[in-house]
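Please look over the structure shown here.

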Amino acid sequence: MNELLKEWMNPALIEEMEEGVLNAPQDLLGVHMYLDTQFFVVRRPEAQIVWITNVDGDIAYEMEELDHELGLFGLEIKKKTKQLKDYRVRIQYAPEDVIETADPYRFEPQTSDFDCYIFGEGKHYKIFEKMGAHVETIDGVTGTRFTVWAPDARSVSVVGSFNMWDGRLHTMRLLGPTGVYELFVPGVTEGSVYKYQITTRSKELIYKTDPYGNYAELRPGNASVVTSLEGYEWNDTEYMKEHSTKTREVRERNPMSIYEVHLGSWKKRVEDDDNGFYSYRELAGMLGDYVVEMGYTHIELMGISEYPFDGSWGYQVGCYYAPTSRYGTPHDFMYFVDEMHKRGIEVILDWVPAHFPKDAHCLGNFDGKAVYEHPDRRRGEHPDWGTYIFNYGRLEVQNFLVANALFWIEKFHIDGLRVDAVASMLYLDYGKQDGDWLPNKDGGNEHYEAVEFLRHLNNVMEQSHPDAYIIAEESTAWPDVTKRVKDGGLGFSFKWNMGWMNDFLEYMKLDPYFKQFHHDQLCFSLHYHLSEKYILVLSHDEVVHGKCSLLNKMPGLTGDKYAALKAAFGFMYGHPGKKLLFMGQEFAQQREWSEMRSLDWYLLNEAPHQGIHRFIKDFNHLYLEHSALYYNDSDVIGFEWMDCSRPETSTVAFVRRGKTRTKQLLFILNFTPVAHEKYRVKAPCGGKYREILNSDDVKYGGQGRINAEPISAKKKGTGKKNRNKKKSADTGYEIECYLPPLSVVVLEYDYK
């Protein structure tokens, strides 16, 4: 070795390289000036000859082999010789195997100290533009910049299809004390497969998928794939402009009829093929047209962020910044969202910041220690779910999650996020036995750090994207979930009404005789419906794991099941709150849902299922046409009981009021298989009441026992005596109609 070169090379760095723990490779490798002499050091194990060339390749200097075992080559260009500012490295592995590339260690970091500082503060909301793999051109050289956070690693290398998965070739540089590593690798382009090879504190080698990667291999592969999110030409400019005006107050007044969808099983191309999925692009047209036809306003997608196991339905996420490759590329998913917006359909994604899986390639023990999860098992694991819990008190983890929420809205034009399992975040003892959870500093079970994270998330979203929905799946009585952060709440836009769902389904499952003893289960939700901004949900969770389909929850013989299901849907559409139905329920799917097979679309060839399908379609369109069904969901004026005091007949009646005095609605429901030929009920005012929907209509599979003629409200005391006069508030008017068994009747009237 040249004496001057030997003098310059730091033996400590050589030793760290030998041990595989070098985290400052730029201090040894690349080009350096020493005593007015230019030194080049390249590491290429297994190489026969290495040259340094000028950019044009017409000048080449053969390098000296400095260390055969390490694969180190060096070159000294004396000060009298013309120095190389831009250079390339030519490597010969065999006479017929010669490659040429720019040297990754001649490029300066693209992630600044300020970026790292703001990330450490938990407030770098564009961190996804720095972390991950980004195809870039630097100083005229195209390649991929890799950036990853691994604060407890001894060293990190990027390995992949471009370097024979050899961690010695592309050791990343540590950017100060932040734990952020970066390396620009020339020549790496889209489609390259990669992982991070991490040397832990115990010098163990582990291999991890990129936490900020935008694309991944199709399972069972689990490596990240270099891709660019740039270049897609969006066609939803007008839609996005209009959508941006929908503030929180506007959203609360707008209709929301949500179709919850699992893309892989809505329809399958090949039923017996494990990978027989339609693509995002194929589904865009099929699903988009169907949703419009059925009158839904939104779709909610289960499980889009990349995940290892099909059976998790996407709720155990492996790659938070990547749409799953099961259905195509990120650009394909952009096309899907674009097509929904083209049809006026808003897109909500299920988002899972509550926990993540223990698969070895995922976030868990990312650099050999707990990085994303809490280090104490009592805070960091869900024993029932077999997953890790995020460490919400670590600011970089908060940044990872908050930026991820923004990422989906900004990069993919998503309209909103439904936050999964919020209750498990709010309570430290959720799903845990005594002694298996760690109380907060005050000895309680409230998870202060998670609460602060949720407020942080919603506050940032309110400021930067006030048009976006952030919806909580929260099943407890935690107060003020949908109150603004500035007013002391958690700041969510809406909350799933799980209490209503549980009470209502338990009521519907009862034999009609026993319903009279459980009338409060039907009516109780109206005592608290104004306490939060609610979405009524009949979701996928209610039709899996032995719970059976909605149709088969209904008691009685086959015909009664269909009638009862229509009555149930009628109560849901009439009840204050936005609406969500899981796919298949709109045509009375008979079997439980399974992610492994398509919905049973053949059922639409059968009359009863055709009737349910038509019923949901008509109710959706009725919902859109009548502001009474959505405009005052959160106002006391929007709902009033006309009768909830006849448990012996299991009937109820109520009024829904919209933004005008016209086209108001009176709902009358019967939850027993007993008809009432002259059903009398209090009316909100005088005038004519016109039946606009009756679930017993023949077009819905009923027997046609409808009220074809307008009904006149009469002053009480005229005609037949009102048997329930003492049980009703005195409005002065009542109506009499035919109320079929197991039915919903909807009457339209103008307020006088």
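Glu748 counts as buried, at 11% relative accessibility. The model is predicted. The side chain of Glu748 meets that of Arg690 in a salt bridge, 2.9 Å from N to O. Arg690 lies in strand S33 (residues 687–694) and Glu748 in strand S36 (residues 743–749), so the bridge ties together parts 58 residues apart in sequence. Arg690 counts as partly exposed, with 43% relative accessibility.

## Other salt bridges

The count of salt bridges comes to 48. One of them joins the side chains of Asp633 and Lys578, at 3.1 Å from N to O. This pair links distant parts of the chain, 55 residues apart. Asp633 sits in the loop between H18 and strand S29 (639–646), while Lys578 belongs to strand S28 (residues 578–582). Asp633 is buried, at 5% relative accessibility. Lys578 is buried too, with a relative accessible area of 1%. Buried means under 20% relative accessible area, so Asp633 and Lys578 both qualify.

Arg90 and Glu100 form another side-chain salt bridge, at 2.9 Å from N to O. Arg90 is in strand S7 (residues 87–94) and Glu100 in strand S8 (residues 97–102), 10 residues apart. Glu100 is partly exposed, with a relative accessible area of 34%. Salt bridges also link Arg248, Glu249, Glu252, Glu462 and Arg484 in a network.

## Nonpolar cores

The largest nonpolar core has 192 residues. Tyr259, Phe333, Phe336 and Tyr372 have the most contacts inside this core. Helix H10 (residues 395–412) gives the most to the core, with 11 residues.

## Helix H18

Helix H18 spans residues 607–625 and has 19 residues. From first C-alpha to last, H18 reaches 27 Å. That is close to the 27 Å expected at 1.5 Å a residue.

Which residues of H18 are buried? They are His609, Gly611, Ile612, His613, Phe615, Ile616, Asp618, Phe619, Asn620, Leu622 and Tyr623.

Conventions
Residues numbered from 1 in each chain as written. Predicted model: local features only at pLDDT ≥ 70, side-chain atom pairs only at ≥ 80, totals over all residues. Heavy atoms only, no water. Helix = DSSP H or I, 4+ residues; strand = E, 2+ residues; numbered from the N terminus. Expected span 1.5 Å × (residues − 1). Buried < 20%, exposed > 50% of the residue type's maximum accessible area, 1.4 Å probe, protein only. Core = buried A, V, L, I, M, F, W, Y, C linked by side-chain atoms within 4.5 Å. Salt bridge = Lys/Arg side-chain N within 4 Å of Asp/Glu carboxyl O.
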